[in-house]
Amino acid sequence: MRAAEFFFKLKEEKMNILRFAVIIAFFAVLPFSHIPAFAASDQEKVKVFACEPEWAALAQEIGGDKVEAFAATSATQNPHYIRARPSLISKARKADLLICSGASLEIGWLPILIRKASSDLQPGSIGYLMASDLVPMLEIPVVVDRSMGDIHPEGNPHVHLNPYNLIIVGEVLADRFSGIDPENASSYRNRFRDFSSRMQKAISRWESEAAELKGKPVVVHHKSFSYLIDWLGMKGVGALEPKPGIPPTTSHLKNLLRQLRNSPADVIIRTPYDPDKASKWFSEKTGTRAIVLPYTVGGDEQSGDLFALFDRTITLLKETYHVRQ
Ligand SMILES: [Zn+2]
């Protein structure tokens with residue numbers, strides 16, 4: 001009995017010492033709790049609002065664990081047509097940098113988000129980055145007739161499918177990150193150099209793998225692939241849409257059939273989000289194979305990052321042509 005009392009007392013003393021130690025530790029930490037090292041690591045990251053998955057992927061390549069990139073659209077959504085939902089407005093408000101394709105691709109929803117965002121995200125500011133302002137543009141119209149509903153009035157905005165453009169945009173992105181987060185400037189510049197070198201090596205490989213595709217005639221649903229076609233030296237011979245953004249009509253498809261009667265296309269390509277009806281109709285009429293290309297990061301299971309996106313795209317195109325792997 002006495003032994004039990006003794007142990008009970010000893011246990012209580014130990015508990016008191018422990019409580020005291022906890023209190024001391026708490027007050028010891030308290031004065032330093034405002035130091036960023038104690039803050040949640042997410043708060044220190046540069047927050048990127050990317051309009052499309054390819055730019056979120058590029059931001060992550062250049063920023064690594066110093067940035068947190070959010071993509072406003074997924075690979076299964078048509079970036080021309082999404083809604084400026086309150087959740088997107090809230091994300092844009094919290095962002096340090098906005099990166100989009102630009103050239104009116106996001107004209108239906110991005111201006112609302114920018115209006116509600118901070119002064120650092122306004123046009124001309126460090127946090128406002130439009131890829132199409134930086135790269136050589138294709139299909140710039142001589143005369144824009146907006147009444148016809150052309151949704152590419154400033155040229156073709158789907159610029160990411162030429163991988164050289166990713167290097168151009170990546171370099172500017174590294175500069176912007178360095179300006180926003182000067183402490184980590186060397187990390188951004190090193191990561192860009194590493195990305196650029198890996199990308200240039202991959203480009204050489206892709207160009208040699210895809211050499212057989214040069215000059216091959218292609219029909220597209222929407223002009224989403226013009227930069228890919230141009231880069232690989234393929235030949236775009238028509239689009240199922242009469243104008244970018246105008247859904248295919250029977251009269252336009254019949255005209256295209258007539259045009260291609262003597263020199264048919266080898267393949268019809270569309271994105272994961274384009275409707276398949278016109279592709280299937282055209283394929284049945286002509287016997288030309290219709291395929292879906294991933295178009296962006298996450299467009300299919302195999303296209304998990306920017307490198308995999310081009311690997312997969314070239315593999316799918318080559319399979320279509322029965323070129324030996
Ligand atoms: Zn478009």
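1. Two strands count as paired if DSSP finds at least two bridges between them. Helices (H or I, at least four residues) and strands (E, at least two) are DSSP runs, numbered from the N terminus.

2. Some ground rules. This is a predicted model, in which local features need pLDDT of at least 70 and side-chain atom pairs count only at pLDDT 80 or more, while totals for chains, interfaces and linings use all residues. Residues are numbered from 1 along each chain as its sequence is written.

3. Overall content. The protein has eleven helices and eight strands. Of its 325 residues, 37% count as buried. A residue is buried if 20 or more other C-beta atoms lie within 10 Å of its own, exposed if 12 or fewer, and partly exposed in between, with C-beta atoms placed from the backbone. Among contacts between residues at least 6 apart in sequence, 60% join residues at least 24 apart. Two residues are in contact if their C-beta atoms, placed from the backbone, lie within 7 Å.

4. Strand β1 (residues 46-50) deserves a look. β1 runs parallel to β2 (residues 67-71), and five bridges join the two. Phe 49 has Phe 70 in β2 as its bridge partner. Lys 47 has Glu 68 in β2 as its bridge partner. Strands of a sheet pair through backbone hydrogen bonds, either parallel or antiparallel.

5. The other open sheet also has four strands, in the order β6-β5-β7-β8, and the pairing is parallel. β6 (235-239) and β8 (289-292) are the edge strands, each pairing on one side only. The twist averages 30° from one strand to the next. Strand β7 (residues 267-270) pairs with β8 in the parallel sense over four bridges. In that pair, Val 267 has Arg 289 in β8 as its bridge partner.

6. Helix α3 against α6. The axes of α3 (residues 53-63) and α6 (residues 163-180) come within 10 Å and cross at roughly 55°. That makes α3 oblique to α6. Angles under 35 degrees count as roughly parallel, over 145 as roughly antiparallel, 65 to 115 as roughly perpendicular and the rest as oblique. Axes are lines fitted to C-alpha atoms, for helices over the stretch in contact, and angles run from 0 to 180 degrees between N-to-C directions. The crossing of α3 past α6 is right-handed. A crossing is right-handed if the near helix is turned clockwise from the far one by less than a right angle, and left-handed if anticlockwise.

7. Residues at that contact. Leu 58, Ala 59, Glu 61, Ile 62 and Gly 63 in α3 meet α6 residues Leu 166, Val 169, Gly 170, Leu 173, Ala 174 and Phe 177. By class, the contact holds eight nonpolar, two polar and one charged residues. Ala, Val, Leu, Ile, Met, Phe, Trp, Tyr, Cys and Pro count as nonpolar, Asp, Glu, Lys and Arg as charged, and the others, Gly among them, as polar.

8. Helix α3 against α7. α3 packs on α7 (residues 185-209) at an angle of about 115°, with the axes 7 Å apart. Here Glu 61, Ile 62 and Gly 63 in α3 meet Tyr 188, Arg 191, Phe 192 and Phe 195 in α7. The contact divides into four nonpolar, one polar and two charged residues.

9. Two backbone points to check. Most residues other than glycine have a negative phi, and most peptide bonds are trans. Ser 104 has a positive phi, near 75°. Ser 104 lies in the loop between β3 (97-100) and α5 (110-116). Ser 104 is partly exposed because 17 other C-beta atoms lie within 10 Å. Glu 139 has a positive phi too, near 55°. Glu 139 is in the loop between β4 (128-130) and α6. Glu 139 is partly exposed because 16 other C-beta atoms lie within 10 Å.

10. Asp 230 sits in helix α8 (residues 226-232). Asp 230 counts as partly exposed because it has 17 C-beta neighbours inside 10 Å. Leaving aside neighbours within four places in sequence, Asp 230 is in contact with Leu 138 and Asn 162. Asn 162 is 68 residues away along the chain, yet the two C-alpha atoms are separated by 8.0 Å.
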